[in-house]
Amino acid sequence: MDERKRLVVIGNGMAGTRVVQEILSRDREQFHVAMFGAEPYGNYDRTLLSDVLTGSKDIKQIFLNSLDWYREHNIMLHAGTAVTAIDRNNKVVRGDGGVEESYDRLIIATGSRPFIPPVKGLEKKGVFVFRTLDDCQAIEAYARGCRRAAVMGGGLLGLEAARGLLSLELDVTVVEMMPWLMAQQLDAAGGALLQRTMEQMGVQTLLEKTVTRALGGDRVTVLEFQDGSTLDVDIVVMSCGIRPDTGLASTSGLAVDRGIVVNDRMQTSDPDIYAVGECAQHRGKLYGLVAPLYDQARVLAEHLTGTSSNGGYQGSKPVSKLKVMGVQLVSMGDTTPADLQDEVVSYIEPLRGVYKKMVIRNNRLVGATLLGETDTAGVLTQMFLLDAALPERRADLLFGTSSGAPILSVFDLPDHAQICHCHGVTKGQIREAIEFGKCRSVSQIGARTKAGTSCGGCKKLLEQFLEVYAGEVAEDPAEHWYVSSVPMTKPELVTAIKAKEIKSVSALFRELNGGREEPSHKTALASLLKTIWAGEYEDERDARFINDRVHANIQKDGTFSVVPRICAGVTSPAELRRIADVAEKYQVPAIKLTGGQRIALAGVRKEQLPHVWKDLGMASGHAYAKAIRSCKTCVGSLFCRFGLGDSIALGTKIEKRFHGLETPHKMKLAAVGCPRNCAEATVKDLGAVAIEGGWQVYVGGGAGTRVRAADLLCTVKTHEEVLTYMGRFIQYYREHGKYMERAYGLVERVGIERLRELLVEDVEGIGARLDAEIERAIEACTDPWVEADEPVHPAQFSGPVLVELKR
C-alpha cells in the first residue's frame with residue numbers, strides 16, 4: 001500500500017517549483033506531488049522576460065524546468081489550468097475543466113499580479129502589462145507596426161520593458177510619477193545617474209508625471225497627464241508595480257492582510273496549507289526578490305520533510321542584485337539615513353555612470369547602493385547579512401583593500417550562507433564544487449552551480465573560496481574574452497569574423513553564440529566589426545548608442561549638441577555666418593566654444609538634427625563618437641614668434657586624413673608649433689610637437705578623469721612621416737585596444753618600447769600592412785551627416801513629442 005502523502009502546489013512559478021525541488025532533494029519518497037500552473041508551460045525565469053523581448057535570449061533559454069522534468073520526477077503538472085477553488089473541508093483543489101486533486105498538504109505559490117492604475121482608456125488596443133511570457137509575445141507582435149512607445153512606471157520591470165522596446169527600434173519614453181527612477185532601490189543621486197545613462201542609450205524619461213487618460217479610438221494614440229500635457233504614443237506598456245495574488249486564499253477563508261499571512265514555518269491560518277513567495281506575508285512583510293523566495297522554499301521543505309530543527313523562517317534582509325538596461329545595480333537595506341547619527345559614505349563618477357553609497361549605523365552596514373560598478377558587492381552583501389563590524393577604512397568596502405587582502409574571511413560564513421543570491425547558491429554548495437567537483441576557476445564553479453553567472457557580484461568571494469579550499473585560483477580564460485557573451489579573445493574573434501565573413505552584430509551572435517544575444521555587448525561588437533570591414537560593415541540601429549544613431553551628443557534634457565568639423569580650429573567668415581544663421585533659425589539655446597577649438601550648438605531637438613546639418617553645409621566633427629575627433633592646434637610658425645613648425649598646416653592634414661575613424665574609445669589629437677605646448681599635445685591620445693628640424697610624435701596622453709603625460713613614440717622630419725606613424729599607431733590601437741580602453745591603456749599594457757619596435761623599427765614587418773589597413777579604413781570613411789537627406793530608419797530623427805495643451 002502506498003503510504004505517501006499527497007502534496008499539491010498551486011503555482012508553477014519560481015517559488016512553487018523551488019519548494020518542490022528542495023523537497024525532492026531531501027526526500028523523494030515522502031510525497032505524491034501535483035502542481036497547477038495557469039500558464040501552459042513549464043517553469044521559466046520571469047526575470048529574463050526582457051531578454052526575450054530584446055531577442056538576446058530565445059524563449060527556450062529562459063525555462064528552468066521543461067515539461068519533461070516534471071515527468072522525470074513523477075510530478076503531475078496541470079499546465080494551463082487555473083485553480084478555481086480550494087475545498088478545505090474535503091481537502092480538494094478544483095481547477096478549470098473539472099480537474100480535481102486531493103491533498104494532505106497544500107502549498108499556495110500564486111505570486112503577484114500586475115497593478116492596473118485607475119486610468120480611463122487603458123482597455124484600448126495597444127495597452128499591455130508586462131508580467132508573463134504571453135504578455136511578452138503579445139507586446140513584440142503589436143510593436144512591429146509601431147514607432148513610439150511609452151512605459152508607465154520607472155521601476156525595475158518598467159526599465160527592462162523599455163530596454164526591450166528600444167531593441168524593437170521604437171522611440172521609448174518612460175513615464176514615472178516619482179521624482180527619480182527606481183525610487184525603491186535608489187536615492188535621488190543614484191536615480192539621476194541612471195536616468196542619464198538611460199538617455200545616453202536612447203530612452204527618454206518624464207518624471208513626476210501622472211497619467212490621467214489614454215486617448216484614441218479603439219487604439220491608444222495619446223497619453224494625457226495630470227498637468228494637462230500629452231505624449232503621442234503607438235503602444236503603452238504598464239509596469240506600475242505588483243500586488244500579491246491573494247484572491248484564492250481569501251475566498252477560501254484563509255487569513256489575508258496585504259498578503260497571505262504565514263508563520264515562521266510558512267503555515268497559513270490552516271495548519272495543512274502553506275504559502276511561499278510574493279503572495280505570502282511574514283511578520284507583516286512582503287518579499288518580491290529571488291533570495292527571500294529561496295529562503296522560504298528551503299525552510300518549508302525542511303519543515304515538511306522533518307529534516308531541520310531550526311526555528312523556521314526568520315525573515316530576509318532585502319538585497320537586490322539587478323541588471324537595469326544592461327547596467328549592474330546592487331541595492332540593500334536602507335538607502336537613506338534615518339537621522340544625523342547615521343554615517344554616509346558615497347562616491348560618484350558621472351562620466352562612467354558609477355555611483356556607490358553606504359549607510360552605516362553603530363559601525364554596522366544598514367544599507368548600500370552600487371550602480372555601474374559592483375565588484376565589491378559580494379563582500380558588502382555578506383557584511384550586511386551577517387551584521388558584521390566594519391573596517392575603519394570605509395573605502396575598502398567600496399573599492400577593495402590596497403593590499404588586495406580580503407576584508408571578510410570565508411571562514412566567518414556558515415555553510416548555509418547564501419553567496420549567490422541570483423541563483424540561491426550557498427557556501428556549502430560552493431565548497432562542495434571545489435573540494436569534490438575539482439573546480440579551480442570562477443567560471444568552473446559557475447558551470448557547476450550557476451554561482452556568479454548572472455550579476456557577477458559574488459565573483460570576488462568565489463575567488464576567496466578557491467584560494468582557501470583549493471589553494472589556487474586558476475587563470476580564468478573569460479578574463480581575456482573581448483566580450484563575455486562570446487568566449488573568444490579579440491584576436492580569436494577577429495579571425496573567426498574574417499573566416500566566416502560576419503558583417504553585422506546579429507550575424508555574429510547567430511554564427512558564434514548560437515543566436516543568443518547580449519544587448520550590452522552590441523556596441524562593442526559593432527565597433528569591432530566596423531574596424532574590420534569598414535565600408536562593408538552592415539549597420540544595425542539597435543547595435544548603436546543614441547549618440548551614434550543620430551550622430552549628435554545627447555544632453556541631460558534630451559536635446560542634442562551639434563559640433564561641425566572645423567579643421568585645426570581654423571574657420572572662415574562664411575562658416576561663422578552659416579553657424580550664426582542656423583542658430584537663429586532653429587532658436588538654438590546655447591552656442592559654446594569647446595575645449596577642442598570647435599563651436600557647439602547645444603540644445604538642438606532630435607527632429608531638427610537633419611535640417612540643422614543640411615543648412616550648416618559642414619561635415620560632422622564626430623564630437624559624439626568613439627572615433628578620431630578634433631586636432632587642436634596653436635598658431636605655430638605662421639604667426640607665433642616662438643614657432644618652429646607650421647602646426648596649423650599639420651593639424652589640418654591630420655584631421656582631414658583621420659577624422660571620424662572608428663576606434664575603441666574616443667581619440668583627441670593636437671599639433672603644436674614648439675615645445676611651449678600651447679595646444680597641450682603631450683596630454684593627448686596623439687600629439688605632434690615641433691622641434692628644431694622636425695617633429696616629435698607622442699602617444700598615450702590624457703587630461704580627463706585621468707591625467708597622464710604622453711610617451712614619445714618617434715622623432716621625424718616631415719609632415720608625411722608624422723601622418724605615417726600616427727596612422728600606424730591608430731590602426732594598431734584599432735586592432736589591439738579593448739573596447740572602451742583609452743589609448744594610454746594600450747600604451748601601458750604593451751609598453752612604449754615595444755610599440756617603438758613594432759611601429760617605428762618594424763621588427764615584425766607589420767608596418768606595411770598597418771599602412772594598407774588604415775588607408776582602406778580612410779577610403780571607406782564617410783560623413784554621417786549625409787543622413788540628413790535619407791535617414792537609415794524611419795524613426796531615426798523622430799521622437800516622443802510632449803505637447804502642452806493650451807488653456
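Is Lys-503 buried or exposed in this predicted model? With a relative accessible area of 18%, Lys-503 is buried, where buried stands for under 20% relative accessible area, exposed for over 50% and partly exposed for what lies in between (1.4 Å probe, protein chains only). The model is a predicted one, in which local features need pLDDT of at least 70 and side-chain atom pairs count only at pLDDT 80 or more, while totals for chains, interfaces and linings use all residues. Residues are numbered from 1 along each chain as its sequence is written, and side-chain values use heavy atoms, with hydrogens and water left out.

A salt bridge is counted when a side-chain nitrogen of Lys or Arg lies within 4 Å of a carboxyl oxygen of Asp or Glu. The count by this rule is 47 salt bridges. In one of them, Lys-503 pairs with Glu-536, and the closest N and O atoms are 2.7 Å apart. Glu-536 belongs to the loop between helix H16 (522-533) and helix H17 (546-550) and Lys-503 to the loop between helix H14 (490-500) and helix H15 (505-512), so this pair ties together parts that are 33 residues apart in sequence. The helices (H or I, at least four residues) and strands (E, at least two) named here are DSSP runs, numbered from the N terminus. Glu-536 is partly exposed, because its relative accessibility is 40%.

A salt bridge also joins the side chains of Arg-88 and Asp-270, at 3.0 Å from N to O. Here the link ties together parts that are 182 residues apart in sequence, because Arg-88 sits in the loop between strand S6 (83-87) and strand S7 (92-95) and Asp-270 in the loop between strand S20 (260-262) and strand S21 (273-275). Arg-88 counts as partly exposed at 29% relative accessibility, whereas Asp-270 counts as buried at 10%.

Glu-373 and Arg-352 make another such pair, with their closest N and O atoms 3.0 Å apart. The loop between strand S28 (364-371) and helix H9 (377-386) holds Glu-373, and the loop between strand S26 (343-349) and strand S27 (354-361) holds Arg-352, so parts 21 residues apart in sequence are tied together. Arg-352 is partly exposed, with 47% relative accessibility. Elsewhere, a network of salt bridges links Arg-18, Glu-22, Arg-26, Asp-295, Arg-298 and Glu-302.

Most residues other than glycine have a negative phi. Met-266 is not a glycine, yet its phi is positive, at about 65°. Met-266 lies in the loop between S20 and S21, and this residue counts as buried at 0% relative accessibility. Asp-762, also a residue other than glycine, has a positive phi near 55°. The loop between helix H23 (752-759) and helix H24 (767-780) contains Asp-762, which is partly exposed with a relative accessible area of 26%. A glycine comes after helix H22: this is Gly-751, with a positive phi near 100°. Within H22 (residues 743-750), Ala-743, Tyr-744, Gly-745, Leu-746 and Val-747 are buried.

Helix packing comes next. Two packed helices are described by the angle between their axes and the distance between the axes. The axes are lines fitted to C-alpha atoms, for helices over the stretch in contact, and the angles run from 0 to 180 degrees between N-to-C directions. Helix H11 (residues 427-435) packs against helix H12 (residues 442-449) at about 115°, with the axes 10 Å apart. H11 is therefore roughly perpendicular to H12, on a scale where angles under 35 degrees count as roughly parallel, over 145 as roughly antiparallel, 65 to 115 as roughly perpendicular and the rest as oblique. For H20 and helix H21 (residues 719-736), the angle is about 40° and the axes are 11 Å apart, so H20 is oblique to H21.

On the surface, Val-635, Leu-638 and Phe-639 form a nonpolar patch with about 330 Å² of accessible area together. Patches are made of residues with over 30% relative accessible area and no salt bridge, with like charges joined within 9 Å and nonpolar side chains (Val, Leu, Ile, Met, Phe, Trp, Tyr) within 5 Å; the accessible areas come from the Shrake-Rupley method with a 1.4 Å probe, and for residues only the protein chains shown count as cover. Val-635 lies in the loop between strand S37 (628-633) and helix H20 (647-658), and is partly exposed at 40% relative accessibility.
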